[in-house]
Amino acid sequence: MNFLDPAFVAAFIAIVGFDIILSGDNAVVIAMATRNLKGKERTRAVMWGSAAAIIMRVIFTLFAVKLLGFPYLKIVGAALLFWIGIKLLVPDDGEEEIAGQSGLFAAIKTILIADLVMSIDNVVAVAAAADAAPEQYKVLLLFLGLAISIPLIIFSSAILLKLMDRYPIIVTIGAALLGIVAGQMLVSDPVTVDWVKQNAPWMRYVVPAIGAVLVVLTGKLLAKKAEAAKPAEKTN
């Protein structure tokens, strides 16, 4: 197994990028769910809640990679990645309130449920990036991605969120990366891959580039629209 293989390196960089960009919300959920706990109880809630969520994420990610082998599912996954990338660039109206729990098991349950709901984007992105790599690297890349996401979610949430607020270009790069992977999925679905290979091999490079541009432009336009609508809402 050659860890300097460009295909492995590219997929690994994509997974790390997705983990950095998409782990912030999950980390916020953990912080909010455990904010009423003290000392060791908070530490236990964070560790056990995160461990349970990560185990479920491993299972979902493995299923996602298997499903991407079926016809048309990569096309559906590509559409989902386009939506996730655009959503990254559009400001939220506000995070859903997560109740702070006063009991250890209640906090763990809140973390698990909220993480499962919010980790769909991360699972699809990591599975798609791993699927683009050669077969011998797929499982290793999945577990590397999940291993990297653990410290990012548990220990680095505050730093990540501050960095993304201070340097918005990080989020834009992440959105473009999602567009690239979505484009790669479109041209590698079992329905399209043979046609592209025989008739238009150039599409393997052009479609991912168009995907990146499309996500960033659409996201930026919708973000501007949302910003312009705010003053109008205040005056009403």
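**Entry 1: alanine 7**

I started with alanine 7 and found it in helix 1, where helices (H or I, at least four residues) and strands (E, at least two) are DSSP runs numbered from the N terminus. The model is a predicted one, in which local features need pLDDT of at least 70 and side-chain atom pairs count only at pLDDT 80 or more, while totals for chains, interfaces and linings use all residues. Residues are numbered from 1 along each chain as its sequence is written, and side-chain values use heavy atoms, with hydrogens and water left out.

I noted alanine 7 as partly exposed because its relative accessible area is 29%; buried means under 20%, exposed over 50%, and partly exposed in between, with a 1.4 Å probe and protein chains only.

**Entry 2: the overall fold**

I then looked up the secondary structure, which comes to 11 helices and 0 strands, so that the pattern along the sequence reads α-α-α-α-α-α-α-α-α-α-α. Of the 236 residues of the protein, 42% count as buried.

Helix 3 has 29 residues, and its first and last C-alpha atoms are 42 Å apart, close to the 42 Å expected; the expected span is 1.5 Å times one less than the number of residues. Among the buried residues of helix 3 I listed Ala45, Gly49, Ala53, Arg57, Thr61 and Val65. For helix 4 the end C-alpha atoms are 25 Å apart, which agrees with the 24 Å that its 17 residues should span. The buried residues of helix 4 include Lys74, Gly77, Leu81, Phe82 and Leu89.

In the loop between helix 3 and helix 4 I found phenylalanine 70, which is partly exposed at a relative accessible area of 48%. Tyrosine 72 has its place in that loop, between helix 3 and helix 4, and counts as exposed because its relative accessible area is 52%. I also noted the phi of tyrosine 72, near 75°, as a positive value in a residue other than glycine; most residues other than glycine have a negative phi.

**Entry 3: a nonpolar patch**

Which residues form the nonpolar patch on the surface? They are Ile55, Ile59, Phe60, Phe63, Leu67, Phe70, Leu73 and Val76, with about 750 Å² of accessible area together. Patch residues have over 30% relative accessible area and no salt bridge, with nonpolar side chains (Val, Leu, Ile, Met, Phe, Trp, Tyr) joined within 5 Å and like charges within 9 Å. A salt bridge is a side-chain nitrogen of Lys or Arg within 4 Å of a carboxyl oxygen of Asp or Glu, and the areas come from the Shrake-Rupley method with a 1.4 Å probe, only the protein chains shown counting as cover for residues. Helix 3 (39–67) and helix 4 (73–89) each supply at least two residues of the patch, and helix 3 gives the most, with 5 residues.

Alanine 106 lies in helix 5 (residues 104–118) and is partly exposed, with a relative accessible area of 29%. The C-alpha atoms of alanine 106 and alanine 45, 61 residues apart along the chain, are separated by 9.0 Å. In helix 7 (residues 138–155) I looked up leucine 146, which counts as buried because its relative accessibility is 6%. From leucine 146 to isoleucine 55, 91 residues apart along the chain, the C-alpha separation is 9.5 Å.

Helix 9 (residues 169–188) has 20 residues and reaches 29 Å between its first and last C-alpha atoms, close to the 28 Å expected. Its buried residues include Val171, Gly174, Leu178, Val181 and Met185.

Where does the largest share of the lining of the second largest pocket come from? It comes from helix 9, with 7 residues. Helix 1 (6–22), helix 6 (120–131), helix 9 and helix 10 (193–199) each supply at least two lining residues. The lining has 22 residues, of which Ala132, Ala133, Gln184, Met185 and Ser188 lie nearest the centre of the pocket. On a 1 Å grid over the protein atoms alone, a pocket is an open set of points where a 1.4 Å probe fits, with protein on both sides within 12 Å along at least five of seven lines, and lining residues have an atom within 4 Å of a point. I recorded about 490 Å³ of space in this pocket, a volume being the space filled by probe spheres set on the points, which are joined across faces, edges and corners.
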